[in-house]
Amino acid sequence: MKQGKKIIVAGGGTGGHIFPAIAIANALKRLDSSTEILFVGAKGKMEMEKVPQAGFQIEGLTIAGFNRSSLLKNISLPFKLMKSFSQVAGIFKRFKPDAVIGVGGYSSFPVLRYAQWKEVPSFIHEANSFGGKSNVLLSKKANVVFTATDGMERFFPAQKIVVTGNPVRQEIVEINVSKEEGCKYFELNGDGITVLCVGGSLGARGINEAIDAGLDKLIENGIQVIWQTGTPYRELAEKRIIGRKGVYAAAFIQNMEYAYAASDVVVSRSGAMTIAELCVVKKAAILVPFPFAAEDHQTANAQNLVQKNAAIMIKDDEAKDKLINEIIELAKNENKRTILINNIKQLAIFDADVQIAKEILKTLN
């Protein structure tokens, strides 16, 4: 293989797309330091901040996704799509990529579609247990489709599928923090049963409202709480925990390795990256899928674990009534936690980023 391959990594919008993309880019650089990486994302989205922080160059497209809640807001969509194709053409002319990999998010579509039109090798990574519409469409002409789970032949051409799992951030894979150290980080008792409640950078309303309503009940049952609220719920949560011991609340937890280390039970949404991390850190999990995710893929992700007795699932609209009791029951049932942990750890994949990077470089050889 000639040195100095140029590869575009396209997509973003959420951490669930961005962090795997960065992990793949880092793996490509580790395998061949002469590889040049250029990210392409959507202007105004979090990748425009997170990717440069990780040390990579990014170019932004003027593009927006389909708005399911307001059809009127989609009027300008065709014009933005045409403009994005023009921007992609300019990027290809300047960068001259040898390959493109799309990691999901609407900014990946014009990049991969243009690559396929120009007969530049294209690769797709589908993080969820349900194939996204863009990925399904693009897969027909893609070289390889990397999937998180098996059984994806109902979405993608079987001969193109390589099951790799989801790339997990290196700091999560390499956690070397004890429970006691994790609890100390959040000023909690290292001997106490601890539940970690997370909902992403924007928070999870269903989870937040359930924890808010049941906080005193958790404390009465001797359960400590690490509560990542997301920005919209931060002020309410900060007022709620005043005078209460054994509770930590923040809009966003930067060092998740400490939060995972401290926790005995994790309550979270069921995005693909969250599930990949839960498998790697081996935690008893209660999943509350975001009900409005595209194609309801979070429910599909959660059910994939429930079927293997590797997690518990509660519907978002049932969280306020059921979540607190489920947390207490699981926190007090060490045998049940052990069963969930033993099953979820069987699903852990530690080197998905390297598998994907090797396959891309092999195809370009």
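**Sheet, helices and cores**

Q: Why are strands S12 and S13 called paired?
A: In this predicted model, S12 (residues 284-287) and S13 are joined by two bridges in the parallel sense. Pairing requires at least two bridges, so the two strands count as paired. Leu 287 has Met 313 of S13 as its bridge partner.

Q: What makes S10 and S13 edge strands?
A: The open sheet has six strands, ordered S10-S9-S8-S11-S12-S13, with parallel pairing. Strand S10 (247-250) and strand S13 (312-313) each have a single partner strand, so one side of each lacks a neighbour in the sheet.

Q: Which strands does helix H14 touch?
A: Helix H14 (residues 334-344) packs on the sheet and touches S8, S11, S12 and S13. The direction of H14 makes about 85° with that of S12.

Q: Which strands does helix H8 lie across?
A: Helix H8 (residues 205-220) lies across S8 (193-197), S9 (223-228), S10 and S11 (265-268). H8 runs at about 160° to S9.

Q: Which residues touch the most other members of the largest nonpolar core?
A: They are Ile 211, Trp 227, Val 267, Ile 286, Leu 323 and Ile 327, in a core of 31 residues. Helix H13 (319-332) is one of the elements that supply at least two residues, and its share, seven residues, is the largest.

Q: How do you know which parts to read with caution?
A: The mean pLDDT of the chain is 90, and 93% of its residues reach 70 or more. Over residues 66-74, however, the pLDDT is below 50. Where pLDDT is low, the predicted coordinates should not be read in detail.

Technical notes: Residues are numbered from 1 along each chain as its sequence is written. This is a predicted model: local features need pLDDT of at least 70, side-chain atom pairs count only at pLDDT 80 or more; totals for chains, interfaces and linings use all residues. Side-chain values use heavy atoms; hydrogens and water are left out. pLDDT is the predictor's confidence in each residue, from 0 to 100. Contact means heavy atoms within 4.5 Å. Helices (H or I, at least four residues) and strands (E, at least two) are DSSP runs, numbered from the N terminus. Axes are lines fitted to C-alpha atoms, for helices over the stretch in contact, and angles run from 0 to 180 degrees between N-to-C directions. A nonpolar core is a set of buried Ala, Val, Leu, Ile, Met, Phe, Trp, Tyr and Cys residues joined through side-chain atoms within 4.5 Å. Buried means under 20% relative accessible area, exposed over 50%, partly exposed in between (1.4 Å probe, protein chains only).
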